[in-house]
Amino acid sequence: MRPLGRRGVPTAPPAPLLLLLPLLVSLLGAARGVGAGSGAPAELRVRVRLPDGQVTEESLQADSDADSISLELRKPDGTLVSFTADFKKDVKIFRALILGELEKGQSQFQALCFVTRLHHNEIIPSEAMAKLRQKNPRAVRQAEEVRGLEHLHMDVAVNFSQGGLLSPHLRNVCAEAAESIYTRQEDVRFWLEQGVDSSVFEALPEATEPSGLRRCGQVGDSGRPCICRYGLSLAWYPCLLKYCHSHDRPAPYRCGIRSCQKNYRFDFYVPHRQLCLWDEEP
Ligand SMILES: *[C@@H]1O[C@H](CO)[C@@H](O)[C@H](O)[C@H]1NC(C)=O
């Protein structure tokens, strides 16, 4: 843990509490979204280094009224990756807008949505996120901790028109991916226990295929169904609150965040091989 504040002496933050990142220091009134909690989402734009070394801009938005966080970044190949955490519904949504190669006859873009259960310790709370400010917006940030690759087998489809019953964010976030919204049996079981209507979820043909389906990379015929793989990375996000101790205070207080990077790999059913052109390896 790096020292915080000036010369490592944690200074008493003014009320309401502001989080100080090691490099991100509160600048009251200077950042967009000041006055979080007033209804408007707070936005933080940071420059981040991607796992391949390239630098991109990432936007982090927090809406403490809706109790949600969203993150968006554009990869150098043009793919737009977004992540939404809905704390009210225990739902997280990953979306990728993948640019097609027009000269290969592919459509302009392909959209994918992956929806899974949100655990509340995965990312800092929305009210803390809404208070983050940075002193130097030009600094390139690299996550302090790289969390292990998570490999998810997406074996259930989400019905877009019913998706609002799972999370109100689904309607906006996954509109372009209406035919390609995926989740998992184990998450569905949890949400059903929470009272989500079962009409949201639909079985995929994958489950009824007797011999199982092959990975798209191993299927020659472009019209055949197969299991597609897509990987994405959340390059930089505040994953933990740091607490400091002070002689002047009776209890530990929030004095910063820990930043994480996490990579995900999704396997999912596609009805035609050509919906998974990027998947070449076995
Ligand atoms: C999605 O749900 C609606 C309402 O229940 C239903 O009419 C529609 O057929 C479903 N869509 C699919 C693709 O099953």
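Tutor: We begin with burial: a residue is buried if 20 or more other C-beta atoms, placed from the backbone, lie within 10 Å of its own, exposed if 12 or fewer, and partly exposed in between. This is a predicted model, in which local features need pLDDT of at least 70 and side-chain atom pairs count only at pLDDT 80 or more, whereas totals for chains, interfaces and linings use all residues. Residues are numbered from 1 along each chain as its sequence is written.

Student: What is the mean pLDDT of the protein chain?

Tutor: pLDDT is the predictor's confidence in each residue, from 0 to 100. In the protein chain 82% of the residues reach 70 or more, and the mean is 84.

Student: How many helices and strands are in the protein chain?

Tutor: Helices (H or I, at least four residues) and strands (E, at least two) are DSSP runs, numbered from the N terminus. By that rule the protein chain has three helices and 13 strands.

Student: Is cysteine 276 buried or exposed?

Tutor: Cysteine 276 is placed in the segment after strand 13 (253–270), and it touches Cys216, Cys226, Cys228 and Val270, leaving aside residues up to four places away in sequence. Because 23 other C-beta atoms lie within 10 Å of it, cysteine 276 is buried.

Student: What distance separates the C-alpha atoms of cysteine 276 and cysteine 226?

Tutor: Cysteine 226 is among the residues that cysteine 276 touches. Along the chain the two cysteines are 50 residues apart, and their C-alpha atoms are separated by 8.8 Å.

Student: Which residues of helix 3 are buried, and why are they on the same side?

Tutor: Helix 3 spans residues 185–193, and its buried residues are Asp187, Val188 and Trp191. They cover an arc of only 100° around the axis, taken from the directions from the helix axis to the C-beta atoms, and therefore lie on the same side. On the other side of helix 3, Arg189 and Glu193 are exposed. What covers the buried residues includes strand 6 (109–117), strand 9 (156–158), strand 10 (181–183) and strand 11 (201–203).

Student: Is aspartate 67 exposed, partly exposed or buried?

Tutor: Aspartate 67 is found in the loop between strand 2 (55–63) and strand 3 (68–74), and its phi is near 55°, a positive value in a residue other than glycine. Because 15 other C-beta atoms lie within 10 Å, aspartate 67 is partly exposed.

Methods:
Contact = placed C-beta atoms within 7 Å.
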